Amino acid sequence: MHGRWSVCHACRGLTRRFLNRRWATKAVAAVFHEVGKPFELREIPLPEKLNEGELLVRMEVATICGSDLHTVSGKRQEPMPLVLGHEGVGVIERVGSDIFSGNRPRHRGWKLREGDRVTFSVADSCGLCPECTLHKLPQKCVSLMKYGHARISEGTGLNGTYATHILLRPGTHAVKLPSKLSSRICAPANCALATVVNALDMARLPRYGSNKSAVVQGVGLLGIYAVAWLRKRVGMDTVFCLDTQPERLKTAERFGGVPLLVTENEEDYLERSRTIREMYPRGVDVAVEMTGAKHVIHEGVQLLRNGGHYSFTGMVHPDSQLSSLTGETIIRKCLTIRGVHNYTPWNLEEAVKFLDEFREELPLESVLSPTSYKLSEINEAFAEAQTGSYCRVVVSCQDVS
């Protein structure tokens, strides 16, 4: 995975060809075949005609999410071969208008035009099933399709963001980006930030009490965005950040968090509790689990006040049985526990508004790799991402030279 591969002869000069014609006839995608093998750059024909509601988007940048690292390392199983990637920003190149295709019109599609720079939801939903309509959980649609997780043989094959183009289906929510927001900063918004907006939906937080304090367990990108959201949007006075990595805690501090290093030492555990209880003797209002580790739940519950709110976001895997958490504890403390998986279209809208509103107050570039890798350097980009030096490594999708 870590080596540089030879770009096939057919792909040479693609950048020049893209620049010399108004519309390209072929896309270039980084195809992942199996664990232990490098990505392959492959040309994929672009559709000549788009169906009603479809959007052909020319990708500008993509960012490498942790779920993709898990796929490449074999920790996560996906149908292969496929075009990975679901985080990114692009420009609408063509808008589908074939009304005889049988597709339903795109919701609010009249607002989107060719040339609009957009981010988009990580999943496509039908908009008709009970999950989409009655339950308001389109991310649980009965016919859900997730970008970056579909076999290349499905549809046009342009199902992931590690490519020059992606074809968005009619049930995919797209949001036009404000001109003052850079594509790099917006790239992770349609995964990490939108999920945080859902996890910490202000209408779901405790109705009573001051709601001025929180604990965020794990400060990868989700945790860092959670700190920013709680401080800036919710208006909390104090957000404690718990993590095992000092560098991550330094970044979280820049976003307004109070860093507390987690070690295996029992005395450190007690000291963290004392530090928090000195400021909030009754406990914090909100706790957010973003580590994916089940053993942190006991500490989170202990730190919550009576009537507190606990959001579970990170434990999206089978090894998450909560043997340390009893029903008695939940009942006696009158806790609300909410599980959150992905997000809804309105969460993505709020994520973009948040970035636009606080772009000058938050060090949003600090969570990204300082340079963008070419699409033709996708293997090197993944090698960089696997080091954990940056929350997100950026890929420039139009550079295939």
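**Before you start**

This is a predicted model: local features need pLDDT of at least 70, side-chain atom pairs count only at pLDDT 80 or more, and totals for chains, interfaces and linings use all residues. Residues are numbered from 1 along each chain as its sequence is written, and side-chain values use heavy atoms, with hydrogens and water left out.

Helices (H or I, at least four residues) and strands (E, at least two) are DSSP runs, numbered from the N terminus. Two strands pair if DSSP finds at least two bridges between them.

**Stop 1: the annotated domain**

Select residues 222-356. The UniProt annotation "domain: Alcohol dehydrogenase-like C-terminal", from an unreviewed entry, covers this span. UniProt positions follow the numbering used here, feature names are shortened, and annotations may be inferred rather than shown by experiment. The span is 45% helix and 21% strand. Its end C-alpha atoms lie 18 Å apart.

**Stop 2: the six-stranded sheet**

Which order do the strands of the 6-stranded open sheet follow? Trace β13-β12-β11-β14-β15-β16; the pairing is parallel. β13 (258-261) and β16 are the edge strands, and each pairs on one side only. From one strand to the next, the twist averages 20 degrees.

Now pick β11 (residues 213-217) and β14 (residues 284-289). They pair in the parallel sense over 4 bridges. Gln 217 stands opposite Glu 289 in β14.

**Stop 3: the three-stranded sheet**

Select β2, β1 and β4. These 3 strands form an open sheet in the order β2-β1-β4, with antiparallel pairing. β2 (40-45) and β4 (82-83) each have a single partner strand, so one side of each has no neighbour in the sheet.

β1 (residues 26-32) and β4 pair over 2 bridges, antiparallel. Phe 32 stands opposite Leu 82 in β4.

Step back to Pro 81, in the loop between α2 (66-73) and β4. Is the peptide bond from Met 80 to Pro 81 cis or trans? The bond is cis, with omega near -5 degrees.

**Stop 4**

Show β5 (residues 87-95). How many of its 9 residues are buried? The count is 8, so the strand is mostly covered, where buried means under 20% relative accessible area, exposed over 50% and partly exposed in between (1.4 Å probe, protein chains only).

β5 pairs with β3 (residues 55-63) in the antiparallel sense over 8 bridges. The bridge partner of Leu 55 in β5 is Val 95. Another 2 bridges join β5 to β6 (residues 117-120), again antiparallel. Val 91 has Arg 117 in β6 as its bridge partner.

**Stop 5**

Go to Pro 47, in the loop between β2 and β3. Pro 47 counts as buried at 15% relative accessibility. Contact means heavy atoms within 4.5 Å. Not counting residues up to four places away in sequence, Pro 47 touches Arg 94 and Thr 156.

Next, select Asn 211, in the loop between α4 (192-199) and β11. Its phi is positive, about 50 degrees, although Asn 211 is not a glycine. Asn 211 is buried, at 15% relative accessibility.

Then take Cys 334, in the loop between α9 (327-332) and β16. Cys 334 is not a glycine, yet has a positive phi of about 55 degrees. At 54% relative accessibility, Cys 334 counts as exposed.

**Stop 6: Arg 338**

Finish in strand β16 (residues 336-339), at Arg 338. Arg 338 is buried yet has no salt bridge. A salt bridge is a side-chain nitrogen of Lys or Arg within 4 Å of a carboxyl oxygen of Asp or Glu. Which side chain of opposite charge is nearest to Arg 338? That is Asp 201, 5.4 Å away. Lys and Arg count as positive and Asp and Glu as negative; His and the chain ends are not counted.

Display the surroundings too. Leaving aside neighbours within four places in sequence, the contacts of Arg 338 include Asn 198, Arg 204, His 309 and Phe 312.

Key
Axes are lines fitted to C-alpha atoms, for helices over the stretch in contact, and angles run from 0 to 180 degrees between N-to-C directions.
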